Amino acid sequence: MTELSELYQQVILDHNQKPRNFGELEGANRTAEGYNPLCGDRVTVYLQLSGDVIREISFLGSGCAIATASGSMMTASVKGKTKAEAEVLFQRFHGLVTGGPDAPVNPEALGKLAVFSGVFEFPVRVKCATLAWHALHAALDGNRGTVSTEEGGRRET
Amino acid sequence: MSAAASTILEGIRRNASSGFDVEEVRRDFPILGEKVRGKPLVYLDNAATTQKPRVVIERLDGYYRTENANIHRGIHFLSERATQAYEEARATVARFLGAADAREIVFVRGTTEGINLVAQSYGRKFIGEGDEIVVSAMEHHSNIVPWQILREQVGAGLRVIPMNDHGELLVDEYERLFSDQTKLVAVTHLSNALGTINPVGEIIQIAHRHGVPVLVDGAQAAPHLRVDVREIDCDFYAFSGHKLYGPTGVGVLYGKASLLDAMPPYQGGGDMISSVTFEKTLYNVLPYKFEAGTPNIAGAIGLGAAIDYLSKVRLDLVAAHERELLAYATEAVSAIKGVRIIGTAREKAAVLSFVLDGVHAHDVGTILDQDGIAIRAGHHCAMPVMERFGVPATARASLGLYNTREEVDALVGAIEKVKRVFGR
């Protein structure tokens, strides 16, 4: 049960049950939807961007515990940050869950987001953990519409 | 002991006396001895693909070791032998489906290709602008998308047979969908997401009253139900080898000879012609007209071996074993607090789809996998079904002939563990 309890840490279960910044954001000036066609999970990210700074952020959607907790903790961790800072955080987070070259040397640098390190042991769940981040990235880019985790990738049968 | 439990035990005793011994069957499948994450494999993802018995694995091996050659054109010993084995497999499939003639059996890559063949060959010739194709609300994407592609090509429309909250098709509503424009009905025999067995005989009878041919998607049904294409009188029937304990990459399209004869080829190439000049090509006779290029010879022969295996263990006994196991699993899983079964049709086989209150199917799948239990979590390539039931995804345990009550017990224990992890 070690790897399982690494994945489903109490903080993650808590954010899944009571997601923060959950719902539509009044006065949002950027929004984008993330979609994972493999499981049908959808998440919409709402931003109130003032200049380069994320003043307010919220998300809404339905997904697994990992996707929901990740959306919740993402909103909490990027609020008040600049676009550039948020993008760097996304890169580090992505590195953390995939174990890729962007992986932070010291996961503590990610603060509370470090609880997602257990996802690395579950490669099929990486897309769950990054769904909301992809939507954030699209919203910061000013993309409207839906960003898919499977663009250019393979599909299940 | 509950009445249901004693009925189940009674059924198991009956099976034992009639010759179906699940422990003996399990020894025929080498992979069932494997460990997954240090635990014995509990394979409950049979609707996705089935495991292969030793006789199939050895048949493939034997073919490549001693018989491999191209078919239908060699004049040498091996080619004759390979051709004979390939055509014997076709005859085996014809007997398995109750077809009148082996010419009505076309080897394809799988159910998906079988349906696409009908859409592109029959569909493009006989379905035109303003015409309609009827499908059901519980189709797999592979029995929706080929018709949507055809719709784009010829300007036809799609009508959908609705279903009730149990996941049963509404036959009265179905009959009302017919008009002069209806040109084809394409419906699944057994739903991969819900487990519903559709009354295909009745569905076909109604269509035929309106002069409309019917394609049956038999991908899920073929491994679990006796299929007799002449008894149900379907016009096309498609299934896959790999869901029937056979190899991947091979499947079957059955078509009535009169229809197949009237259809243009699906693909051009070698073997599907009788003569070629640059001015004119004469197509080969059935079924070769639809088998362009070197087919999956080993796969077809392996599928023949899988069907022989199913005949040996007797499909009727397999069906009885699976029916009792599904009843046992349904009762045990429904008894878990917070579980809702999706798909509660009166006529069901092999599939147990469920959702767990407050826990996403993917989380269920991940936690079960830690115990070596393989299930499917997701939309099962049937997104309209998920929408109909208002769920993003379900967890699906699907049974095969080698599954046991102990494995169902392991499933139940693991679902309880999911609830503990999530504090429910």
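**A close look at helix packing**

Guide: Let's start with one residue: at 18% relative accessibility, Ser77(A) counts as buried, because buried means under 20%. This is a predicted model, by the way, so keep that in mind throughout. Ser77(A) sits in helix 3 of chain A, which covers residues 65-78. Setting aside neighbours within four places in sequence, Ser77(A) touches Leu89(A), Leu113(A) and Trp133(A).

Now over to chain B, and to helix 8, residues 200-209. Which of its residues are buried? They are Val200(B), Ile203(B), Ile204(B), Ile206(B) and Ala207(B). These cover an arc of only 160° around the axis, so they lie on the same side of helix 8 of chain B. There's a general rule behind this sort of pattern: an α-helix has 3.6 residues a turn, so residues three or four places apart point the same way. As for what the buried residues pack against, the partners in chain B are helix 7 (171-176), strand 7 (182-188), strand 8 (214-217) and helix 9 (229-232). After helix 8 of chain B comes Gly211(B), with a positive phi near 70°.

Helix 5 (residues 111-126) and helix 6 (residues 145-154) of chain B pack with their axes 9 Å apart, at an angle of about 25°. That angle makes helix 5 of chain B roughly parallel to helix 6 of chain B, and their crossing is right-handed. On the helix 5 side of chain B, the residues making contact include Ile115(B), Val118(B), Ala119(B) and Arg124(B); helix 6 of chain B brings, among others, Pro146(B), Trp147(B), Ile149(B) and Leu150(B). Sorted by class, the contact between helix 5 and helix 6 of chain B has eight nonpolar, four polar and one charged residues.

One more pair to look at: helix 13 (residues 361-369) and helix 15 (residues 405-421) of chain B have axes that come within 9 Å and cross at roughly 120°. This crossing of helix 13 and helix 15 of chain B is right-handed too. From helix 13 of chain B come Val364(B), Ile367(B) and Leu368(B), and they meet residues of helix 15 of chain B including Leu411(B), Ala414(B), Lys417(B) and Val421(B). By class, the contact of helix 13 with helix 15 of chain B counts eight nonpolar, no polar and one charged residues.

Terms used:
Residues numbered from 1 in each chain as written. Chains lettered and ligands numbered in written order. Predicted model: local features only at pLDDT ≥ 70, side-chain atom pairs only at ≥ 80, totals over all residues. Heavy atoms only, no water. Buried < 20%, exposed > 50% of the residue type's maximum accessible area, 1.4 Å probe, protein only. Helix = DSSP H or I, 4+ residues; strand = E, 2+ residues; numbered from the N terminus. Arc of directions from axis to C-beta. Contact = heavy atoms within 4.5 Å. Axes fitted to C-alpha atoms, helices over the stretch in contact; angles between N-to-C directions. Left-handed = near helix turned anticlockwise from the far one by under 90°. Nonpolar A, V, L, I, M, F, W, Y, C, P; charged D, E, K, R; others polar. Parallel < 35°, antiparallel > 145°, perpendicular 65-115°, else oblique.
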